[in-house]
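Please find below a colleague's note on the structure under review. It is arranged as numbered points, to be read beside the sequence and the model.

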Amino acid sequence: MAKVHGAVEIDGNRCKGCELCVVACPVDVLELQPKEVNDRGYHYAFTAHPDKCIGCAACATVCPDACIEVYRLVERDV
């Protein structure tokens, strides 16, 4: 049986730190950078727990700046 994992890519320079993606994630993959800011002066989102991602793309759906891409990685048993 195949197992699906997700991979999240965030464009940190475009992120304005609205935290909508953090709230939308059902498995707490994302967080805001607590100390670092991007070029625009915002604390940006990052994947704090990438191994938990299920590839649901809820974060990308709610992002108002479209700076999140989610990929589904299928792991098949051979």
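Predicted model: local features only at pLDDT ≥ 70, side-chain atom pairs only at ≥ 80, totals over all residues.

The points below pass from the overall fold to the core and then to individual residues.

1. The protein chain contains two helices and four strands. Read from the N terminus, these elements follow the order β-α-β-β-α-β.

2. Overall dimensions. Taken along the principal axes, the C-alpha atoms occupy a box of roughly 45 × 20 × 20 Å. The protein chain has 78 residues, of which 24% are buried. Its accessible surface amounts to about 5200 Å², and carbon and sulfur atoms account for 51% of that area.

3. Contacts along the chain. Considering contacts between residues at least 6 apart in sequence, 62% link residues at least 24 apart.

4. Nonpolar core. In soluble globular proteins, nonpolar side chains tend to be buried together. Here the largest nonpolar core has 14 residues, and the members touching the most others are Val-8, Cys-21, Leu-30, Cys-59 and Ile-68.

5. Surroundings of Leu-30. Which residues are in contact with Leu-30, leaving aside its neighbours within four places in sequence? They are Val-8, Ile-10, Cys-21, Val-22, Cys-25, Phe-46, Thr-47, Ala-48 and Cys-59. Val-8, Cys-21 and Cys-59 were named above, together with Leu-30, among the core members that touch the most others.

6. Phe-46. This residue belongs to strand S3. Not counting residues up to four places away in sequence, Phe-46 touches Ile-10, Val-29, Leu-30, Glu-31, Leu-32 and Gln-33. By contrast, the C-alpha atom of Phe-46 is separated by 30 Å from that of Asp-77, which is 31 residues away along the chain.

7. Gln-33. Is Gln-33 buried or exposed? Gln-33 is buried, because its relative accessible area of 15% lies under the 20% limit. Gln-33 sits in the loop between strand S2 (30-32) and S3. Leaving aside neighbours within four places in sequence, its contacts are His-43, Tyr-44 and Phe-46.

8. Positive phi values. Glu-19 is partly exposed, at a relative accessible area of 39%. For Ala-57, phi is near 65°, and the residue is found in the loop between strand S3 (45-47) and helix H2 (58-62). Ala-57 is also partly exposed, with 24% relative accessibility.

9. Salt bridge. Side chains of opposite charge can pair when their charged atoms come close. How many salt bridges does the structure hold? It holds one, formed by the side chains of Asp-11 and Arg-14 with an N to O distance of 3.9 Å. The cut-off is 4 Å, so this pair is counted as a salt bridge. Asp-11 is partly exposed at 30% relative accessibility, and Arg-14 is partly exposed with a relative accessible area of 37%.

10. The protein chain carries 8 positive and 12 negative charges, and the mean positions of the two groups are 3 Å apart.

Note on methods:
Residues numbered from 1 in each chain as written. Heavy atoms only, no water. Core = buried A, V, L, I, M, F, W, Y, C linked by side-chain atoms within 4.5 Å. Buried < 20%, exposed > 50% of the residue type's maximum accessible area, 1.4 Å probe, protein only. Contact = heavy atoms within 4.5 Å. Areas by Shrake-Rupley, 256 points an atom, 1.4 Å probe, with all protein chains shown as cover. Lys, Arg positive; Asp, Glu negative; His and termini not counted. Charge placed at Lys NZ, Arg CZ, Asp CG, Glu CD.
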